[in-house]
Amino acid sequence: MADGDVAPQPYAVLARKYRSRTFGEVVGQEQVAQTLAKAIEIGRIHHAYLFCGTRGVGKTSMARIFALALNAPETDGPTTEADPTSETAEAIFRGDDVDVIEIDAASNTGVDNVRELIENARFRPMRSRFKVYIIDEAHMLSKAAFNALLKILEEPPGHVKFVLATTEPEKILPTILSRVQRFDFKDLPATDVVGHLEHVVAKEGKTADDEALRLVARNGQGSMRDSLSLLDRLLSGLDGDETLTVDTVTRLLGLPARDRVATIMDAIADGNVEPALSETAAMLTDGLGTDAFLHALVEHAHALLIRKTLGKEAPAGDLPGLDASVLDRQAEAFDVAGLAQAVAILEELRRQIRTAGATGRALLDATLVRLCLGRQFTSVEQLLGAAPASPAEKKTADLTGSEPEASSERAETPVQTKAAINPEAVWASVRQRLERDQPNVAGLLDGTRLVGLDASAVTLLAAGGPRQVSMLRRESTTSALAAAIAEQLNLDAPPTIEIDVDPDAPTENPTTASNTLDYEADPIVQAAMRELGARVVKVE
C-alpha cells in the first residue's frame, strides 16, 4: 500500500450495519422500548433484567441501547436521549466497551466463569456510571453457575446492572426468575420486517419489488436478523441496477416455485395421484431438498386454511409470488377440516423424514397418495349433501343402504347412499362365527334365514316349524345371536331378535327335525354339546 492510501474498510453485514441504536429506532418491540425508556425517565431502574424471545428479534440490541442510556457520557445521569454516535456508543455497539461486558453463556457455562464475573463486579467501572453485564444465551449456564449468580442478582453492588438474554426462558431457574424483571420480545410482524427491509434497500441504493421483500420477510420467520441476512445474500447476487424480484429470490434462495407447489395442491384437491407424484419427482430431481419441499407444501396449505377461515384480508392468507385468484379457487376446493389435517400430516412427515434415511422418499410419495385419495380433502357438503341426524340414524343407513329423510336444517343436495349390505352375507358370517365359538347355538339354525336387518331389530324365519322356533326363542339362544350380529356389524348395542315360522320352507323330514330338537332339549345332551363341542347331526 502506497503512502497516503487509506486502508479499505471491512464490509459490514446488513444485520450489524442497520442495527437499532436508540429506543426510537427499535422495530417491532415498541412495548419493551417504551417501558425501559419510562423507567429511565422516572428513575425506577431495576438491577437485573431478563429479555426473552426467539433469535434475531432485538434482545441484544435492546440491551446495548439500555446500557448506553445508563452510561451516556454527555449527561449527568441516565437518559433516553444518549448520543448514538459518541465514542462510548460506538464501543458499546461494537461489543468491546470496558464497562459494558458481554458474556456468551454458551461458551462460559461453568461456575468458575460466574465466580470470576462476581469477583470483577466488586470493582467500580473505569469511566462510566455503571458496569453492565449482558449475558447472552443465559439458559446455557449450568445449575451450579445459576446458583452462584443468585446472591449478586439479588443484592448487586450499586454500580452493577445485569441484562440476561435467552431464547429458552423455561430453562431459567425459578430462583433466577424471581430476582429479575422479565420482558418478552415478540416475533416481528411481517409488515414491520418489510418496512425495515425497504428502508435498508433504499439506503443501499438498490430496488426491490414489494412481493420480493414480503417473500424475504416470510422466510425470515419473524427474525429481523435472519431477514437482513437473507437480504444481504440476495443483494450480493444482483447485477448492477437489477431489481430484486420474486423470481430472483426464489432462484437465489433455492425455494420451490409457487406455481409448481400450486399444481401439486390442485392434484390433491382433485384426487389425482399421477400429477402430484410426477411434479414432486420433477422438483426433487431439479435439486430441491425434501425438507424445503415439505415446508412449501405446509406453507401453502396453511395459507389456504387461513384464507378459508379468516378471509382474503388475513395477513397469513396469501403467498408472495402467487396470484390471489389461484388461492381463492383452491380454497373453495377444500374444507377446513381437510386443510387442518393436511398441515398436520405434512408437518409430521417432515419430522419422520429427518430420521427415515433411505425410506424418506417412499414416505413422501405414500403421504401424497394418501392426501390425494383422502375424501376429507373434498367438501363434506359435496360428498354427503347431509349427514345422518344421529348415530342411530347413521347405523340404520350403514346397514340398509338407505338414508333417513333430511331435516329442514340440512342441505337440499341429495344424499349419496352407500351400497346396501347383503343380508345373506351378514347371516353367513354370523353363522360361521357361531359354529366356531358356540356350536350348540349354530346347530339350531339349520333352515333359518335372515329377512330383516337394521340397527335395532333382526328378523329370522325358521324352516323347522313351531318346535324349532320355540327352541330358537330361548333367552340363551337369542342373546348369543344378538351378540354375534352386533359384533359382526359393529353396533353400539345388541339388536332385538324376532323369530317366526317360515311358511314357505317346510323341512324335508319334519319328524327327524322334531326328534333332533327333542334330543337337543335334553339336559344331558346339552351338557355334552357344551363340554365337548358336540353337535346332534342325525337321530334315528
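How much space lies in the largest cavity?

## Cavities

This is a predicted model. It holds two cavities of 30 Å³ or more, and the largest cavity contains about 60 Å³ of space.

The lining of the largest cavity is formed by Arg21, Thr22, Phe23, Ile65, Leu68, Ala69, Thr79, Thr80 and Ala82. By class, five of these lining residues are nonpolar, three are polar and one is charged.

## Helices α16 and α17

Helix α16 covers residues 336–356 and helix α17 covers residues 360–373. Their axes come within 9 Å and cross at roughly 170°. Angles over 145 degrees count as roughly antiparallel, and therefore α16 is roughly antiparallel to α17.

On the α16 side, the contact is made by Gln341, Ala342, Ile345, Leu346, Leu349, Gln352, Ile353 and Ala356. On the α17 side, Gly360, Leu363, Leu364, Thr367, Arg370 and Leu371 take part. The contact of α16 with α17 has nine nonpolar residues, four polar ones and one charged one.

## Helices α9 and α11

Helix α9 (residues 210–220) packs with helix α11 (residues 246–253) at an angle of about 35°. The axes of α9 and α11 are 8 Å apart.

From α9, Glu211, Ala212, Leu215 and Val216 make the contact, while α11 supplies Val246, Val249 and Thr250. Sorted by class, the contact of α9 with α11 has five nonpolar, one polar and one charged residues.

## Confidence

The protein has an average pLDDT of 82, and 82% of its residues score at least 70.

Over residues 376–401, the pLDDT is below 50.

Definitions and conventions
Residues are numbered from 1 along each chain as its sequence is written. This is a predicted model: local features need pLDDT of at least 70, side-chain atom pairs count only at pLDDT 80 or more; totals for chains, interfaces and linings use all residues. Side-chain values use heavy atoms; hydrogens and water are left out. On a 1 Å grid over the protein atoms alone, a cavity is a set of points where a 1.4 Å probe fits but cannot get out, and a pocket is an open set with protein on both sides within 12 Å along at least five of seven lines; lining residues have an atom within 4 Å of a point. Grid points are joined across faces, edges and corners, and a volume is the space filled by probe spheres set on the points. Ala, Val, Leu, Ile, Met, Phe, Trp, Tyr, Cys and Pro count as nonpolar, Asp, Glu, Lys and Arg as charged, and the others, Gly among them, as polar. Axes are lines fitted to C-alpha atoms, for helices over the stretch in contact, and angles run from 0 to 180 degrees between N-to-C directions. Helices (H or I, at least four residues) and strands (E, at least two) are DSSP runs, numbered from the N terminus. Angles under 35 degrees count as roughly parallel, over 145 as roughly antiparallel, 65 to 115 as roughly perpendicular and the rest as oblique. Contact means heavy atoms within 4.5 Å. pLDDT is the predictor's confidence in each residue, from 0 to 100.
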